[in-house]
Amino acid sequence: AKQEGRHGARFFTPEMQASSARNLQLLNALRSALERDELTLHYQPQIAAGSRRLIGAEALLRWRHPELGLVSPAEFIPLAEESGLILSIGEWVIRTAARQAESWRQAGFPPFIMAVNVSAAQFKQPELPELVADILHEVGLPAEYLELELTEGVAMHNPQGVIAMMAQFHERGIRMSIDDFGTGYSSLSYLKKFKVYKLKIDQSFVRDLTSDQEDKAIVAAVISLAKSLGLKTIAEGVETVEQLDYLHQQGCDEMQGYLFSKPLPAEAFTDWLRAHAE
Ligand code: C2E
Ligand code: CA
Ligand code: CA
Ligand code: CA
């Protein structure tokens, strides 16, 4: 906790100072990370529960800082959001992921959807749908192969604005899914109005799925809710066959997690594609 200093001024504890000093250092370094080519994307397979075929890949951002090493997106994305850097980084992510998807498509691999995370700040930009459409045109990827993941928290923070935005993506044939579903207190009436086609069941419900009766009940309820609304479901963080079996048995459509593969650099993902080609 903060401590009262002289004259009632508030001082940071050494711990807080360290964390804010690190944040400052990270933020400064992040400003030049794009130009210095320190950002890269890893790709994680999304698998159909029944056929075990590849349906999609989620692009996940990685930052390799020359001195600090690999910095987790959980640490630098919030900084990028607060500083506005997420707009240029996010655009880079969409372009890089779309270009990679097109290159795999051109290489003749069976088609799959590229899922990209978009942040709150990006989704507040009225010109985002046009920007995404321009990028798709530029790289030659048809809209049906791109999906944007928006967290439930962001969607519910400004549902009216989000509904309008989703309609624009829908018109352009770009799919949207709700990420981290179950953590953001969705209002069911909004869920009906959102132009989304898939719910991603948050990994916090998947983790203890086979031992925790409440998680079992929540996951079963989300899957049945999705079905009744005509939405697909994907579970994230699937690590064990037991989790997979329960999810499959409940009717979850797709799975993503270490059980199938960790997020992989593009070259390793290409090897994975080759190894899984029939
Ligand atoms: P997320 O979108 O919910 O992504 C899922 C996270 O779970 C990823 O962490 C992924 O590596 C991890 N994961 C996948 N399978 C498993 C598993 O079986 N077990 C466990 N324990 N974890 C698994 P990651 O890559 O560290 O990303 C963390 C978060 O950072 C993401 O959560 C997302 O919110 C954000 N993020 C990542 N890339 C981007 C990006 O390009 N743009 C934006 N705006 N956010 C991003
Ligand atoms: Ca995601
Ligand atoms: Ca997620
Ligand atoms: Ca998450």
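**Legends: overall fold and calcium site of a predicted model**

Of the 278 residues of the protein, 46% are buried (under 20% relative accessible area with a 1.4 Å probe, protein chains only). This is a predicted model, in which local features need pLDDT of at least 70 and side-chain atom pairs count only at pLDDT 80 or more, while totals for chains, interfaces and linings use all residues. Residues are numbered from 1 along each chain as its sequence is written, chains are lettered from A and ligands numbered from 1 in written order, and side-chain values use heavy atoms, without hydrogens and water.

**View 1. The protein has 12 helices and 12 strands.** Helices (H or I, at least four residues) and strands (E, at least two) are DSSP runs numbered from the N terminus. The C-alpha trace spans about 65 × 45 × 40 Å along its principal axes.

**View 2. Four residues coordinate the calcium ion (ligand 2).** Donors are N, O and S atoms within 2.8 Å of the metal (3.2 Å for Na, K and Ca); water is not among the atoms, so sites may look incomplete. The sequence spacing of the donor residues is E-x58-N-x31-E-x29-D. E149 belongs to strand 7 (residues 146–151) and D179 to strand 8 (residues 175–181), so the pair ties together parts 30 residues apart in sequence. E149 is buried, at 1% relative accessible area.

**View 3. D179 bridges two calcium ions.** The ions, ligand 2 and ligand 3, lie 3.9 Å apart. D179 is buried, with a relative accessible area of 6%.

Definitions and conventions
Buried < 20%, exposed > 50% of the residue type's maximum accessible area, 1.4 Å probe, protein only.
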